[in-house]
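Hello,

Here is the model I promised to pass on.

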Amino acid sequence: MKLNVGEIIKHLRKEKDITQDELADILGVSSQSVSRWECGMCYPDMELLPVISEFFGVTVDKLLGINEKIEQNKVNQYLKRFQKAISQGRVYDCIDIAREGVAEYPNNYALLNKLMYALFVSGDSDGNIPEWKENMEKHDAEITALGERIMKYCPDQNIRLEATARLAFNHCEMGRKEIGKAIYETLPSSEFCKENQEWWSLDDDEELPYLRNKVKQDYNALRSSIWLLANSGRISDEQSIVAIKKVFELEKLVYDNTVTAEGWGASKLQVDMAELYAKLGNNTLALEHLNYGAAAAKAFDTRPDEQSFSSVLLGDIIARRIDFETADTRPLTEIMRDKWLSSSHFDNLRNTDEFKEIINTLS
């Protein structure tokens, strides 16, 4: 078995932010020896292994990489537990699970990233966490520290970029937009990202899944941007209605007029459309879209654990209930009834029989 002790020493050294010369002085060896270890040219002497392990706070097995498979299996168990909890809106359970995993594997970046994510979501105003504002303040420093650590040391590019974007977002949410913007500027542009470039390197059997995955990513990005535009307050209500209609048209185009997997979004879009019509005084269309939204919310709450979809552009898609992530433990019908429909723009509809029937449907 080929040992990767040199790579592990290099990784641990960078985590501690020390140079090869500094590590050499601590261990009483030459800097050339440390360099040769990290390049894989040779291994440290056996008697040095406990000294190196103690300095970095890891076991000798960990230093030798012997337990990597065992660690990955246990980490995967933590990640599965985390995903189940976040799919049910149990954010505090997510924090506990991530902390438990990090306590056992303090240098595992997948777990550190999940901890950062859970702490961030605990301050989500869209969930049903009463103390979300307090959580934002309480966890700000830890979120920042975790994000900066992952940015600086994580070797996994996907995890690093995800944490970088979240760190920037957190700075913006906490009123530090200049810092957030500076961090966002370090992210690669979409023009030169992997998804827009690797087509030319693919073999024949890789091309179809690549193209369909790219269509899905581009669709999600376009859909999100149009929705942001509609809710930005930078265009008129009439223009916002046109924008949301474009989202509906786009969904039909991409999904070949089949039921989409975006049940939560489908319901929220209908409520957004209803609110716009209510603001414009068109109660008939407002109620029509509220009925659509209520039906979508009920369908979302009763969806099976796994659904299959298929379209020409996307191919076969499997939507799993557990993959949905939320900061709200309530069913969607309850969220729509108690939160979305509480908007003052619906006040003129509340005493109508049609609105009361929608409330009953959601109850």
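Arg337 is partly exposed, with 25% relative accessible area; here partly exposed lies between buried (under 20%) and exposed (over 50%), with a 1.4 Å probe and protein chains only. Its side chain meets that of Asp338 in a salt bridge, 2.7 Å from N to O, where a salt bridge means a side-chain nitrogen of Lys or Arg within 4 Å of a carboxyl oxygen of Asp or Glu. Asp338 is also partly exposed, at 39%.

Before going further, please keep in mind that this is a predicted model: local features need pLDDT of at least 70, side-chain atom pairs count only at pLDDT 80 or more, and totals for chains, interfaces and linings use all residues. Residues are numbered from 1 along each chain as its sequence is written, and side-chain values use heavy atoms, with hydrogens and water left out.

The salt bridge count comes to 18. Side chains of opposite charge can pair when their charged atoms come close. Two of the pairs sit within helices (DSSP runs of H or I, at least four residues, numbered from the N terminus):

- Asp218 and Lys214 have their closest N and O atoms 2.9 Å apart. They are four residues apart in helix α13, so about one helical turn separates them. Asp218 is partly exposed at 40%, whereas Lys214 is buried at 19%.
- Asp272 and Lys268 come to 2.6 Å, N to O. Both belong to helix α15 (residues 263-279), again four residues apart, about one turn. Asp272 is buried, at 6%.

Helix α13 (residues 204-230) also holds Glu206, which is partly exposed at 35%. Glu206 gathers with Asp203, Asp204 and Asp205 in a surface patch of negative charge. Patches take residues with over 30% relative accessible area and no salt bridge, joining like charges within 9 Å and nonpolar side chains (Val, Leu, Ile, Met, Phe, Trp, Tyr) within 5 Å.

On the nonpolar side, Leu253, Val312 and Leu313 make a surface patch of about 280 Å². Leu313 lies in the loop between β1 (306-311) and β2 (315-320), and is partly exposed at 34%.

What about disulfides, meaning pairs of cysteine sulfur atoms within 2.5 Å? There are zero in the structure. For Cys42, the nearest cysteine sulfur is that of Cys39, 9.4 Å away. Cys94 is buried at 0%, and its sulfur is too far for a bond because the closest cysteine sulfur, in Cys154, is 20 Å away.

Best wishes

Methods: Disulfide = S-S within 2.5 Å. Areas by Shrake-Rupley, 256 points an atom, 1.4 Å probe, with all protein chains shown as cover. Lys, Arg positive; Asp, Glu negative; His and termini not counted. Charge placed at Lys NZ, Arg CZ, Asp CG, Glu CD.
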